[in-house]
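Please look over the chain below with attention to its open space, its helix packing and its backbone angles. The briefing that follows takes these topics in turn.

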Amino acid sequence: MAALYPRWGVPKAPVDFPSMFGRSAEVVVEIGSGMGDATATMAVEDPDRDYLAVEVHTPGVGNLLSLIEDNAVENLRVYNDDAIVFLDEYIADGALAEIRVFFPDPWPKARHHKRRIIRPEFVALMRSKLRMGGLLQCATDWAHYADVMFEVLTSDVGLRNRFTRQAPRPAWRPVTKFEQRAVDEGREVTDYSFERVG
């Protein structure tokens, strides 16, 4: 963190993407990048776009910083703190081409549901940061959370489901150990892909 965050990390300040990446390109934000292996792979395989990973877990950020450095991934940066504050205070409205929220904490206990990231007020915030036609992509391996996600995303009048209900699993998303464990344990993975229309 001490050695690499100053180079590849994002400070707590309004983000100027062209200055940060040295070019003007579409930007994808991933919220909750975990240990970062899948994020690094997606960035490497999509060199024409720029990626920004947001992760609160410092060891995961450290691992992703090492992956960026070791593999010379020029189109990926990392922000280490709360995603809601980051989007609200540091990202301009309409600045993003895509936001990805893969396997967020389901907070299965009812008293913890208010901590879930896919809830109406945060979905509205994420939508405001997408350009028109920008995508909000989500995935979960918890069936109940999948139903809640669908209800919350569908209820946002500024978003349109690109599919009848769930989206096909995107081929560009690497299968992480976390996802593979869910599949091995018999849990179905549900993907959603919504487009900003308003």
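The points below are grouped by topic.

The model is a predicted one, and every value given here is computed from it. The largest pocket holds about 900 Å³ of space, and among the residues closest to its centre is F103, a residue with a positive phi although it is not a glycine. Two helix pairs are also described: α3 with α4, which are roughly parallel to each other, and α5 with α6, which are oblique to each other.

**The largest pocket**

- The space in the largest pocket comes to about 900 Å³, and of the 35 residues that line this pocket, G32, S33, G34, E55 and F103 are the closest to its centre.
- At least two lining residues are supplied by each of the strands β1 (27-31) and β4 (96-102), and likewise by each of the helices α3 (37-44), α5 (83-90) and α8 (177-184).
- Sorted by class, the lining of the largest pocket comprises 16 nonpolar, 12 charged and seven polar residues.

**Helices α3 and α4**

- Helix α3, which contributes to the pocket lining, packs against helix α4 (residues 58-71) at an angle of about 30 degrees, and the two axes are 9 Å apart.
- Because angles under 35 degrees count as roughly parallel, α3 and α4 are described as roughly parallel to each other, and the crossing in which α3 passes α4 is right-handed.
- On the α3 side the contact involves D37, T39 and A40, which meet N63, L64 and L67 of α4; by class, this contact has three nonpolar, two polar and one charged residues.

**Helices α5 and α6**

- Helix α5, another contributor to the pocket lining, packs with helix α6 (residues 120-129) at an angle of about 40 degrees, with 10 Å between their axes.
- The angle of about 40 degrees makes α5 and α6 oblique to each other, and α5 passes α6 in a left-handed crossing.
- A83, I84, L87 and D88 of α5 make the contact with F122, L125, M126 and K129 of α6, and by class this contact has six nonpolar and two charged residues but no polar ones.

- A72, located in the loop between α4 and β3 (76-79), has a phi near 50 degrees, which is a positive value in a residue other than glycine.
- F103, located in the loop between β4 and α6, has a positive phi of about 55 degrees although it is not a glycine, and this residue is also listed among those closest to the centre of the largest pocket.

Key: Residues are numbered from 1 along each chain as its sequence is written. This is a predicted model: local features need pLDDT of at least 70, side-chain atom pairs count only at pLDDT 80 or more; totals for chains, interfaces and linings use all residues. Side-chain values use heavy atoms; hydrogens and water are left out. On a 1 Å grid over the protein atoms alone, a cavity is a set of points where a 1.4 Å probe fits but cannot get out, and a pocket is an open set with protein on both sides within 12 Å along at least five of seven lines; lining residues have an atom within 4 Å of a point. Grid points are joined across faces, edges and corners, and a volume is the space filled by probe spheres set on the points. Helices (H or I, at least four residues) and strands (E, at least two) are DSSP runs, numbered from the N terminus. Ala, Val, Leu, Ile, Met, Phe, Trp, Tyr, Cys and Pro count as nonpolar, Asp, Glu, Lys and Arg as charged, and the others, Gly among them, as polar. Axes are lines fitted to C-alpha atoms, for helices over the stretch in contact, and angles run from 0 to 180 degrees between N-to-C directions. Angles under 35 degrees count as roughly parallel, over 145 as roughly antiparallel, 65 to 115 as roughly perpendicular and the rest as oblique. A crossing is left-handed if the near helix is turned anticlockwise from the far one by less than a right angle, and right-handed if clockwise. Contact means heavy atoms within 4.5 Å.
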